[in-house]
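Here is a short report on side-chain packing. Look at the rings and the nonpolar residues first.

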Amino acid sequence: MRTIQRYILNSPKARLNPPKNNTLNLLIDSSFWGREFSVLVLMDSLSKKVVYHQIIKSEKDIYYFIAIIKLREKGYKIQSITCDSRRELLKNELNISTQFCQFYRVAIVIRNRTRNPKSEVEKTLKILTTPFKISSKSEFYINLHKWYLEYKTYLEERSDKPNDKGKYFYKHRNLRGAYLIFFALKNTQN
């Protein structure tokens, strides 16, 4: 971590070449090296230029707010934001149109199901979510709904034994979670 910090601090500094357009569509992300070293980067998707960067120790909301306020002070109008996890926060606090990055959506689904599915249901969901990055939104959600209707009884199976509180949990919680992530994102999109 210290080596990366030293390289960044000792590297030649070039001024950011600001985009010519005053309106920005921001892509926001931070990359971590170790536990306490990260770089927050804001890039304009139209001009493909980095408009703001900052070295941070942790991924806190305040760093996102400071970055956006600094851009507004420079006279930029932020039209939209695409980010990883702070979608609702940025939308509610800054009144800017935001969306959740598609690659993070796919990563969340992969976490909720195995990479090498064994059941037919999981294999079908994997096939369905793999072209997510290139399929149209409406086409994807139509296929997702068809998948859900086909495997609804499988997804709603409950355990035979109750837990300590007497509740019967779903047998396929991770698979249901993968579906529900997409369903929730569909209902919260701008």
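## Rings and cores

The charged end of Arg173 sits over the ring of Phe169, 5.7 Å from the ring centre. Keep in mind that this model is predicted. The table lists both cases.

| Charged residue | Ring | Distance to ring centre |
|---|---|---|
| Arg173 | Phe169 | 5.7 Å |

A pair of aromatic rings is described by the distance of the centres and the angle of the planes. The count here is one aromatic pair. Trp147 and Tyr151 form this pair, with centres 6.0 Å apart and planes at 50 degrees, which is classed as tilted. Are these two residues buried or exposed? Trp147 counts as buried because its relative accessibility is 3%, under the 20% cut-off. Tyr151 is also buried, because its value is 9%.

Now the nonpolar cores. In soluble globular proteins, nonpolar side chains tend to be buried together. The largest nonpolar core has 18 residues. Leu26, Ile28, Leu40, Leu42, Leu71 and Ile81 touch the most other members. Strands E1 (23–32), E2 (38–44), E3 (49–56) and E4 (77–83) each give two or more residues to this core, and so does helix H2 (61–73). H2 gives the most, with five residues.

Take Leu71. Leaving aside neighbours within four places in sequence, Leu71 is in contact with Leu24, Leu26, Leu42, Val51, Tyr52, Tyr76 and Ile78. A second, separate core has 14 residues, including Tyr141, Tyr148, Ala178 and Tyr179.

Methods:
Residues numbered from 1 in each chain as written. Predicted model: local features only at pLDDT ≥ 70, side-chain atom pairs only at ≥ 80, totals over all residues. Heavy atoms only, no water. Phe/Tyr/Trp six-rings, centres within 6.5 Å; stacked < 30°, edge-to-face > 60°. Buried < 20%, exposed > 50% of the residue type's maximum accessible area, 1.4 Å probe, protein only. Lys NZ or Arg CZ within 6 Å of the ring centre and 35° of its normal. Core = buried A, V, L, I, M, F, W, Y, C linked by side-chain atoms within 4.5 Å. Helix = DSSP H or I, 4+ residues; strand = E, 2+ residues; numbered from the N terminus. Contact = heavy atoms within 4.5 Å.
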